[in-house]
Amino acid sequence: MKLIEREDMVSIAQLLPSVILGLGMLVYVGYCASNGGTHVRGKGWVSKLEAPKTYVTTQVIWVLFGLSLMCGPIIVHLLR
């Protein structure tokens, strides 16, 4: 059985904040999808029927940022 080295523990601790933040972004995407809207600066909460392009754009951006925060550092860590 291989023990986890101290260097690996430090790098895992450095990955944790980005993974948590990415997960939070994906949770927000789920919240917006379940409630059928999104928050728009200057307008507040708008439904996807009122602003469909804005809704889709923000959902895609949040998903991309969330996944990149979650997967990017892990891939970099595994490639080392």
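Serine 68 lies in helix H2, which spans residues 52-79, in what is a predicted model. At 42% relative accessibility, serine 68 is partly exposed, because that value falls between the 20% limit for buried residues and the 50% limit for exposed ones.

Serine 18 belongs to helix H1, made up of residues 6-35, and with a relative accessibility of 15% serine 18 counts as buried, since buried means under 20%. Once the neighbours within four places in sequence are set aside, the contacts of serine 18 are with Leu69, Met70 and Pro73.

The strands come next. Strand S1, residues 37-40, and strand S2, residues 44-47, pair in the antiparallel sense over four bridges, and glycine 37 has serine 47 in S2 as its bridge partner. The two strands S1 and S2 form a hairpin with three residues between them, and in the turn glycine 42 has a positive phi of about 90°.

The cysteines remain to be considered. Cysteine 32 has a relative accessible area of 0% and is therefore buried, whereas cysteine 71, with a relative accessible area of 38%, is partly exposed. How many disulfides does a search of the whole structure find? The search finds zero.

How values were computed:
Residues are numbered from 1 along each chain as its sequence is written. This is a predicted model: local features need pLDDT of at least 70, side-chain atom pairs count only at pLDDT 80 or more; totals for chains, interfaces and linings use all residues. Side-chain values use heavy atoms; hydrogens and water are left out. Buried means under 20% relative accessible area, exposed over 50%, partly exposed in between (1.4 Å probe, protein chains only). Contact means heavy atoms within 4.5 Å. A disulfide is a pair of cysteine sulfur atoms within 2.5 Å. Two strands pair if DSSP finds at least two bridges between them.
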